[in-house]
Amino acid sequence: MVPQDEMNGRREDNTRENIAYIRQMLGELRQVALGEGADMLCYLIEMAYVEAGDVQAGRRPRSLSPRGPINS
(Lines give C-alpha, C1' and ligand atoms only; values in the text may rest on other atoms or scores of the structure.)
Protein backbone atom coordinates (compact mmCIF):
# COMPACT_ATOMS: atom_id res chain seq x y z
CA MET A 1 0.00 0.00 0.00
CA VAL A 2 1.26 3.51 -0.90
CA PRO A 3 1.48 5.96 2.02
CA GLN A 4 -1.00 8.88 1.90
CA ASP A 5 1.84 11.46 1.88
CA GLU A 6 3.35 9.84 -1.21
CA MET A 7 -0.03 9.77 -2.97
CA ASN A 8 -0.58 13.45 -2.16
CA GLY A 9 2.89 14.26 -3.51
CA ARG A 10 2.16 12.44 -6.76
CA ARG A 11 -1.20 14.21 -7.08
CA GLU A 12 0.49 17.58 -6.54
CA ASP A 13 3.14 16.74 -9.18
CA ASN A 14 0.40 15.76 -11.64
CA THR A 15 -1.46 18.99 -10.91
CA ARG A 16 1.66 21.08 -11.60
CA GLU A 17 2.29 19.21 -14.85
CA ASN A 18 -1.34 19.61 -15.91
CA ILE A 19 -1.37 23.36 -15.23
CA ALA A 20 1.91 23.75 -17.17
CA TYR A 21 0.42 21.79 -20.08
CA ILE A 22 -2.76 23.89 -20.05
CA ARG A 23 -0.69 27.08 -20.09
CA GLN A 24 1.43 25.82 -22.97
CA MET A 25 -1.67 24.90 -25.00
CA LEU A 26 -3.25 28.29 -24.27
CA GLY A 27 -0.11 29.98 -25.60
CA GLU A 28 -0.38 27.99 -28.82
CA LEU A 29 -4.12 28.68 -29.12
CA ARG A 30 -3.47 32.38 -28.66
CA GLN A 31 -1.10 32.32 -31.63
CA VAL A 32 -3.77 30.64 -33.78
CA ALA A 33 -6.40 33.17 -32.69
CA LEU A 34 -3.97 36.02 -33.36
CA GLY A 35 -3.27 34.69 -36.85
CA GLU A 36 -7.00 34.54 -37.53
CA GLY A 37 -7.56 38.09 -36.33
CA ALA A 38 -9.96 36.91 -33.63
CA ASP A 39 -9.25 39.74 -31.21
CA MET A 40 -11.82 38.92 -28.53
CA LEU A 41 -10.93 35.23 -28.56
CA CYS A 42 -7.25 36.15 -28.39
CA TYR A 43 -7.95 38.37 -25.37
CA LEU A 44 -9.93 35.68 -23.53
CA ILE A 45 -7.27 33.04 -24.21
CA GLU A 46 -4.59 35.44 -23.02
CA MET A 47 -6.51 36.04 -19.77
CA ALA A 48 -6.69 32.27 -19.23
CA TYR A 49 -2.95 32.04 -20.01
CA VAL A 50 -2.18 34.69 -17.38
CA GLU A 51 -4.46 32.95 -14.86
CA ALA A 52 -2.71 29.62 -15.47
CA GLY A 53 0.64 31.32 -14.92
CA ASP A 54 -0.58 32.79 -11.64
CA VAL A 55 -1.82 29.37 -10.49
CA GLN A 56 1.45 27.78 -11.58
CA ALA A 57 3.45 30.37 -9.61
CA GLY A 58 1.25 29.95 -6.53
CA ARG A 59 -0.12 33.51 -6.69
CA ARG A 60 -3.70 32.27 -7.12
CA PRO A 61 -5.58 29.22 -5.83
CA ARG A 62 -6.56 26.54 -8.34
CA SER A 63 -10.20 26.89 -7.35
CA LEU A 64 -12.39 29.70 -6.08
CA SER A 65 -14.74 27.16 -4.55
CA PRO A 66 -14.34 26.67 -0.78
CA ARG A 67 -14.56 22.91 -1.40
CA GLY A 68 -11.57 22.92 -3.76
CA PRO A 69 -11.31 21.13 -7.09
CA ILE A 70 -14.03 18.67 -8.10
CA ASN A 71 -11.66 15.67 -8.07
CA SER A 72 -10.07 16.32 -4.69
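A residue counts as buried when its relative accessible area is under 20%. In this predicted model, buried residues make up 14% of the 72 residues in the protein. The fold has 2 helices and 0 strands. Contacts between residues 24 or more positions apart account for 35% of those with a separation of 6 or more. The protein exposes about 5900 Å², and carbon and sulfur atoms supply 55% of that area.

**Helix α2**

- Helix α2 covers residues 39-57.
- Its 19 residues should span 27 Å at 1.5 Å a residue, and the end C-alpha atoms are 27 Å apart, so expectation and model agree.
- Buried positions in α2 are Cys42, Ile45, Ala52, Gly53, Asp54 and Val55.
- Just after α2, Gly58 adopts a positive phi of about 85°.

**Nonpolar core**

- The largest nonpolar core has 5 residues in all: Leu26, Ala33, Cys42, Ile45 and Ala52.
- Helices α1 (4-35) and α2 each supply at least two residues of this core.
- The largest share, 3 residues, comes from α2.
- Beyond residues up to four places away in sequence, Ile45 touches Leu26, Leu29, Arg30 and Ala33.

- Asp54 lies in helix α2.
- Asp54 counts as buried because its relative accessibility is 17%, below the 20% cut-off.
- With neighbours within four places in sequence left aside, Asp54 is in contact with Arg59 and Arg60.

**Nonpolar surface patch**

- Met40, Tyr43, Leu44, Met47 and Val50 form a nonpolar patch on the surface.
- Together these patch residues have about 500 Å² of accessible area.
- Leu44, one of the patch residues, is found in helix α2.
- Leu44 has 46% relative accessibility and therefore counts as partly exposed.

**Salt bridges**

- The count comes to 5 salt bridges, taking a side-chain nitrogen of Lys or Arg within 4 Å of a carboxyl oxygen of Asp or Glu.
- Glu12 and Arg62:
  - Glu12 is partly exposed, with a relative accessible area of 34%.
  - Arg62 is also partly exposed, at 46% relative accessibility.
- Glu46 and Arg30:
  - Glu46 belongs to helix α2 and Arg30 to helix α1, so the pair ties together parts that are 16 residues apart in sequence.
  - Glu46 is partly exposed at 29% relative accessibility.
  - Arg30 is partly exposed at 23% relative accessibility, and Arg30 is also among the residues that Ile45 touches.
- Asp13 and Arg16:
  - Asp13 has 39% relative accessibility and counts as partly exposed.
  - Arg16 has a relative accessible area of 48% and is partly exposed.

Methods: Residues numbered from 1 in each chain as written. Predicted model: local features only at pLDDT ≥ 70, side-chain atom pairs only at ≥ 80, totals over all residues. Heavy atoms only, no water. Helix = DSSP H or I, 4+ residues; strand = E, 2+ residues; numbered from the N terminus. Buried < 20%, exposed > 50% of the residue type's maximum accessible area, 1.4 Å probe, protein only. Contact = heavy atoms within 4.5 Å. Areas by Shrake-Rupley, 256 points an atom, 1.4 Å probe, with all protein chains shown as cover. Patch = residues over 30% accessible without salt bridge, like charges linked within 9 Å, V, L, I, M, F, W, Y side chains within 5 Å. Expected span 1.5 Å × (residues − 1). Core = buried A, V, L, I, M, F, W, Y, C linked by side-chain atoms within 4.5 Å.
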